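Me: I have just opened this one and would like to walk through it piece by piece. Could you help me find my way around?

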Amino acid sequence: MPRPIARVLTLLELLQSGGVRTAAELADRVGVDERTVRRYVDHLVDLDVPVESVRGRYGGYRLASGYRMPPLMLSDDEALAVLLGLMAGRRAGLTTAMGAASETAAAKIRRVLPERLSRRLDAVSGSLTFTAPPGEAVAAESTVLLSITDAVRHHRPIAIRYTAADGRRSERTLHPYGVVAHSGKWYLTAADLTADDDRTFRLDRITDVRTLPGSFEPPAGLDPAKRVLTGLATAPYQHEVTLRIQGTAEEIHTRLPAGVAIVQELPSPSPSGADPVTEPWSRVDLRVDRLDWLPAVLASLDRPFVIEGPDELRGLVEAFAERLMNSAGRI
């Protein structure tokens, strides 16, 4: 590559790192004089790269937003970070309905990589394994995601078309509080003005978003992630389970995540008279479609518990305990 072109690309890379760069700083980094720096900036502008001049005592040059992306200069570490991020996003299922965009973006980056770095990245992707299974592919429309997040940021009400899990369709007016990624899916927590209640919505079930006039003020101390997890844990299911377990919320959540169970630490002592300070008890509420997996989870907690309901769960725990006893006595 001719040295002037290489220097122009070096100048572009410096500008892409952000901030305002003085002509003297750029001249020193590129190895030319300030007059040449100004000429190189003109070359970039001629190529439609949006470089703008900043006047004043601390003035210089910076890269502005343009109508198209300029040539992107990435270091080895940056290229690795981008490709690993794209790989992890696809693996976790956190892509939009334009999921092919992540694949084409990765292909474009790999196509221009030096062979040395390309081989190293092949080695990483070829030897990398994941302990968790791939995320379920339930992608949201990119236009839906971008419109909603913009409304969240600027506290704008929105109107959406929504399809529920049972296929029912509705139009709703919302005050969107936040977007949360959880278990390979995108969720929106919002005040549903149509139902006069706080709700959680799957973004992949939203087919249309319109930003409405006006604005709203979100509740103080809002925690979108906690709202989504609580909404998932309280969704209607076939069985409602109530337990008391000796342990803190943090200890119980190691086996019963916040998206599955609502845990409330109890101030009063347990029925056996245990000290509430050293041996706290917690109330655990779950809504589940099946009960057969709960006995093994309760056993794995290895903590005293009381089943308040349903009675069917008591029978399943007794049967599970009997199977363990029979297996322990088997020679």
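This is a predicted model: local features need pLDDT of at least 70, side-chain atom pairs count only at pLDDT 80 or more; totals for chains, interfaces and linings use all residues.

Me: Which strands does helix α8 lie across?
Reply: Helix α8, made of residues 224-233, lies across β4, β5 and β6, and its direction is at about 120° to β4.

Me: OK, and in what order do the strands of the open sheet come?
Reply: The open sheet has five strands, ordered β6-β5-β4-β3-β7, and their pairing is antiparallel. Because β6 (197-202) and β7 (206-211) each have a single partner strand, they stand at the edges, and one side of each has no neighbour in the sheet. From one strand to the next, the twist averages 45°.

Me: How many bridges join β3 to β7?
Reply: There are five bridges between β7 and strand β3, which covers residues 158-163, and the two run antiparallel. If you want a spot to look at, A159 stands opposite R210 in β7.

Me: Switching topic: which residues are buried in helix α10?
Reply: In α10, which spans residues 294-301, the buried residues are L294, P295, V297, L298 and L301. They sit on the same side of α10, because the arc they cover around the axis is only 165°.

Me: And what do those buried residues pack against?
Reply: The buried residues of α10 pack against β8 (239-246), α9 (249-253), β10 (281-288), β11 (305-309) and α11 (311-328).

Me: What follows α10?
Reply: That is D302, which has a positive phi near 55°.

Definitions and conventions
Residues are numbered from 1 along each chain as its sequence is written. Side-chain values use heavy atoms; hydrogens and water are left out. Two strands pair if DSSP finds at least two bridges between them. Helices (H or I, at least four residues) and strands (E, at least two) are DSSP runs, numbered from the N terminus. Axes are lines fitted to C-alpha atoms, for helices over the stretch in contact, and angles run from 0 to 180 degrees between N-to-C directions. Contact means heavy atoms within 4.5 Å. Buried means under 20% relative accessible area, exposed over 50%, partly exposed in between (1.4 Å probe, protein chains only). The arc is that of the directions from the helix axis to the C-beta atoms.
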